[in-house]
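Could you walk me through this structure while I have it open in my viewer? I would like to know what to select next and what I will find there.

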Protein chains: 2
Amino acid sequence: MPTPVLISLDAMGGDHGPSVVVPGIREYLRRHGGENVRFLLHGDQTAIAAEMAKCKLTAEVCEIRHTDKVVAMDEKPATAMRRGKGSSLWNAVESVKSGEAGAVVSAGNTGALMAISKLILRMSAPGLERPAIVASWPTLKGVTAVLDVGANIESDAEQLIEFAIMGEAFHAAVHGVKKPTIGVLNVGSEDMKGHEEVREAHAILRAGGLDLNYHGFVEGDDIAKGTVDVVVTDGFTGNIALKTAEGTARFISTLLKGALSSSVQAKMGALLALPALKAMGQKIDPNAINGGPLLGLNGIVVKSHGGATAQGFGNAIRIGVDLARSDYLTTVGSKLGRLDDIMHALPSAAEAGEAAASSGEILQ
Amino acid sequence: MPTPVLISLDAMGGDHGPSVVVPGIREYLRRHGGENVRFLLHGDQTAIAAEMAKCKLTAEVCEIRHTDKVVAMDEKPATAMRRGKGSSLWNAVESVKSGEAGAVVSAGNTGALMAISKLILRMSAPGLERPAIVASWPTLKGVTAVLDVGANIESDAEQLIEFAIMGEAFHAAVHGVKKPTIGVLNVGSEDMKGHEEVREAHAILRAGGLDLNYHGFVEGDDIAKGTVDVVVTDGFTGNIALKTAEGTARFISTLLKGALSSSVQAKMGALLALPALKAMGQKIDPNAINGGPLLGLNGIVVKSHGGATAQGFGNAIRIGVDLARSDYLTTVGSKLGRLDDIMHALPSAAEAGEAAASSGEILQ
């Protein structure tokens, strides 16, 4: 019997609001069943109730908490923090802070969700300025978690190790892998490659002490190969790698569509191959892997893509449920504590430069 | 009548040595003609002559300079520098230093070619520790030059602008674009996005003074879109972006092959679409875009992929010829001088941090 869990939803978030959020719940229930799962829907009572009337399955497991207020998709994070109190997004996060809900899922404005979550829940990872965003990256072996792909532009060794700790616990909770393998993204696999921050993180991770299954450095092409389960990188490199991959996929798909409509013969071939091509498309459909947690907060927050379909939103809900039911928060809390001890034990840890230069010898 | 040019070749470099280098010359001659082009082939007289006997076209335009010595493909750069004197790679670079040749093309060991070229020719870009490597990236609009994808792991604003200057002159010489557009790779397009180094480079480039066609910040997915002709980034991010794109392309191509052989019907479709798919494959064939110059040296050095075909090596030769015939070196030299003046005029340029914070206002 699964642990009872209550999931808080920002019913007004995303490009479509309740008309995707409510069918998203139905999609979740269809795939995973509704045993011991309940939902709190924050937003406009009338609009939500109208959608629920169309999805009978949802009536038994949902409760509406009315609010008129909504954070716009293009609102600046600073404005959302000042004026967002009482909005569906704000209240949805508050339900996690109060302990009522085990996780919140929102397809709302990313910057506002990050800012409000940080304000209400506070960071649990002391090295991070902002929550880390995880990308679930389709690979030849399944899915690899890549983080940070967002907000922490310059990451020192401590931050990179925090990403490793959070990424491992996330992957274990959501993909059921017991000891996920971890790699640090770099320009080569030898110890001396890359800049100081990755080399210091590599030395500390390799020395053990955090009970992580550390593989070593990985390169850009290792992500899609699925060489490791979790790829750790700073938010600048991670964001550029993710968008470069998306751009490459779109480029090839444009060329492919062009080729398959370039002649009558090619069109006939495409028609015959269509079922196989569609099955392939589903493997890399963004909705099939929708839902990125914001990691490093005292509470579980999952961001759905603003334009996700009901199936996509259902996936984001599943990630929230899996994390809420797992020991993610306690595992991460205990390992972040151990990391803190390790970083303090480093000689002259204050002078990161010197520590980095020497950590290779000291930690082995 | 094209300007007369002599190209120096490391005939022993690459996985195949003269058996690709000599047919590579023939490929070049077939496509571009031999008017006013001559080649100096450094390496084993007997092996080269045997290949030339099979390629009659080459006999009139080639001269062999014999040497027994070869730098191995797996030799460490430091060893190659100490022991490489008199090798085909070394002598090929020497021919540029002496002024005899206008460019050198080698498919040899990248690290050794960089180290020996730097030792013999010296850097012309004062900010660079090592030559920058350019990737010719296939895009929806043609080809975009992305640099550095290699050796300069941490690049400050001055280095990024040096990449912009060299990338522009390279693209103009090789692709015949008069004023190539330039973008700095970042995680967003707003002025305040990204770290200090990209923001400072952005402010200086936007202020003008270097006669560059500066577009602004670009993101990862802009590369394959062909938003700009030249994308500038540090060697760490550039290398990871390039390998991530290669990994993504390989991932999709593996899925595609799997899909097109997943059923009898799909196989029949693939057979019909084969000519169109082959034509598409040629657009992204690495040999069609082979040849990456090492920029920032007092001389033109082009690196061919070690496993390139004769067609690929012919492309690398074309890049060497185009650069040697262009005003690449003088344009870059004059703009690097102007950049030096601009950087010195920045208040407290020594304290990069403060300069970066203020350059936005000062330069506009």
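Here is a short tour of this predicted model, going from the interface to a sheet.

**Stop 1: the interface.** Start by colouring chain A and chain B separately. The contact draws on 53 residues of chain A and 54 residues of chain B. Together the two chains bury about 4,400 Å², with 78% of that area on carbon and sulfur atoms. Now select Phe236(A), Phe251(A) and Leu272(A): these supply 14% of the area that chain A buries against chain B, more than any other three residues.

**Stop 2: charges across the interface.** There are four salt bridges between chain A and chain B. To see a salt bridge, show the side chains of Arg250(A) and Asp221(B), which meet at 3.9 Å, N to O. Next, which element gives the most to the side of chain A that touches chain B? Select H10(A), which contributes 19 residues there. By class, this side of chain A has 29 nonpolar, 15 polar and nine charged residues.

**Stop 3: the sheet of chain B.** Switch to a cartoon view of chain B, where eleven strands make an open sheet with mixed pairing, in the order E3-E2-E1-E4-E11-E10-E5-E6-E9-E7-E8. Strands E3 (62-66) and E8 (213-218) of chain B each have a single partner strand, so one side of each is left without a neighbour in the sheet. On average, neighbouring strands of this sheet are turned by 25° against each other, direction ignored.

**Stop 4: a strand pair.** Select residues 5-10 and 103-106 of chain B: these are strands E1 and E4, paired in the parallel sense over four bridges. Leu9(B) has Val105(B) as its bridge partner in E4(B).

**Last stop: a helix on the sheet.** Finish with helix H8 (residues 196-206) of chain B, which packs on the sheet and touches strands E7 (181-185) and E8 of chain B. The direction of this helix makes about 155° with that of E8(B).

Definitions and conventions. Residues are numbered from 1 along each chain as its sequence is written. Chains are lettered from A and ligands numbered from 1 in the order in which they are written. This is a predicted model: local features need pLDDT of at least 70, side-chain atom pairs count only at pLDDT 80 or more; totals for chains, interfaces and linings use all residues. Side-chain values use heavy atoms; hydrogens and water are left out. Contact means heavy atoms within 4.5 Å. Buried area is the accessible area (1.4 Å probe) that two parts lose on being put together, summed over both. Helices (H or I, at least four residues) and strands (E, at least two) are DSSP runs, numbered from the N terminus. Ala, Val, Leu, Ile, Met, Phe, Trp, Tyr, Cys and Pro count as nonpolar, Asp, Glu, Lys and Arg as charged, and the others, Gly among them, as polar. Two strands pair if DSSP finds at least two bridges between them. Axes are lines fitted to C-alpha atoms, for helices over the stretch in contact, and angles run from 0 to 180 degrees between N-to-C directions.
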